[in-house]
Amino acid sequence: MPGSTAEVSPEVRDRLLEAWRGEIVAARVYDLIAARMPPREAEILRRMAAAEGGHRERLEARMAELGITIPPPQNVHLSPWLRLQARVAPVDRLLAAREAAEDEEVGDLYKRSTGDPVTDELLRGIRKEERAHSHTVSEMRAGRPDGAGSAQTPVHPAQERLDKLLGREKWHRTGGGWISGAIYGANDGLAAVFGIVAGVSGATGGSSFVLTAGVSAAVASALSMATGAFLAERSEAEVAAANIERERQEIAEHPEEEREELSLFYQLKGIDEATADAMADQLAQRPEAMLRALAMEEFGITGDRGDPKEAALAAGISTGLGAIVPVIPFIFTTGTVAIVLAAVISLIAHFLVGAAKSLVTLRTWWSAGLEMTLAGVIVGGATYLVGLALPT
């Protein structure tokens, strides 16, 4: 039904363009997340990105029929902040955000009638596929990256059998990144030492004692966070090693069940039962190879693990840097001038750290920054008043 742009209602044009931009953004975000995922999950996300590209082509075809000018795709930009979030934020939260975005599109953008039956039919078809994307992302977050076992789809027979086999084993998925640890370290160091500096400033009128107290608190905070991060990362490695050792024992004690378990994992990927059994039989002849395969499939363990030393350095340095900020003015001066300067630079730092936290929490950077600044005002104000009330 060819036509000119003038004959197309604003609702039809705006909805098609909005859907078109959304498909481009979704595909690019999926590609960025896929670059951080293990091969199996990455392949699923790339297929979803390709599907978004297919949606875009169908929308472009409809816009061409209606004579709607299609903007250059390169004019659709991901914000630098969204790109950074996709590269450093926890993957589980990124997937949760994409699941919410897919749900929102399904429930709003593709659901409302445009008044044009052909366009509505196109959007309804895409809506069904977007709902499937939402379910797939939900299952990936639940640890079933192939979408088996969702409430909206029949449970794969292999999944039922696999769940029974896994019922006798207690596995705990762990993980983290030094970036989020560094951000929270800076947050803790800044907030804690700002409170100490404000309290001692109130009690002493901004004397040289503030510098002594602030530096001592900064060093203590940095060392505490560093040792805590080191022990936590090492504990996770020890738990993973213990789980692998248990799986090694399972292979020795229940080889047939473990072989069947591995075959079921492969069947859930779409491999036919005979081929999956053959693959599992081949691996069963090499226990260490079978162990690595089961550790990857069941526990998500690859050869890469967190480095306790790296975690300790990230946490210790970031905490120390955050903690030293309120102390800096007292290195050069004392009294009211130092107190005011400490308050100003500390609240600016609170805003910046809060904005940085949005890389992990996926909130808007300015709201996270303002929230952190407000918390700094409350902490600093309260501890300053406490200091004023204390006898010196």
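**Note on the salt bridges of this model**

1. A search of the whole structure finds 13 salt bridges, and since this is a predicted model, the distances and accessibilities given below are computed values.

2. The side chains of Arg62 and Asp116 form a salt bridge, with 2.7 Å from N to O. This pair connects distant parts of the chain, as Arg62 belongs to helix H2 (residues 39–66) while Asp116 sits in the loop between helix H4 (91–109) and helix H5 (117–141), 54 residues apart. Arg62 has a relative accessible area of 4% and is therefore buried, and Asp116, at 11% relative accessibility, counts as buried too.

3. A second salt bridge brings together the side chains of Glu121 and Arg124, at 2.8 Å from N to O. Both residues lie in helix H5, where they are three residues apart, or about one turn of the helix. Glu121 counts as partly exposed at 49% relative accessibility, and Arg124 is likewise partly exposed, its relative accessible area being 40%.

4. Arg259 and Asp281 meet through their side chains in a salt bridge of 3.4 Å, N to O. Here again distant parts of the chain are linked, with Arg259 in helix H9 (residues 255–268) and Asp281 in helix H10 (residues 273–284), 22 residues apart. Arg259 is buried, with a relative accessible area of 17%, whereas Asp281 counts as partly exposed at 35%. Through salt bridges that share partners, Glu256, Arg259, Asp277 and Asp281 are joined into one network.

How values were computed: Residues numbered from 1 in each chain as written. Predicted model: local features only at pLDDT ≥ 70, side-chain atom pairs only at ≥ 80, totals over all residues. Heavy atoms only, no water. Salt bridge = Lys/Arg side-chain N within 4 Å of Asp/Glu carboxyl O. Helix = DSSP H or I, 4+ residues; strand = E, 2+ residues; numbered from the N terminus. Buried < 20%, exposed > 50% of the residue type's maximum accessible area, 1.4 Å probe, protein only.
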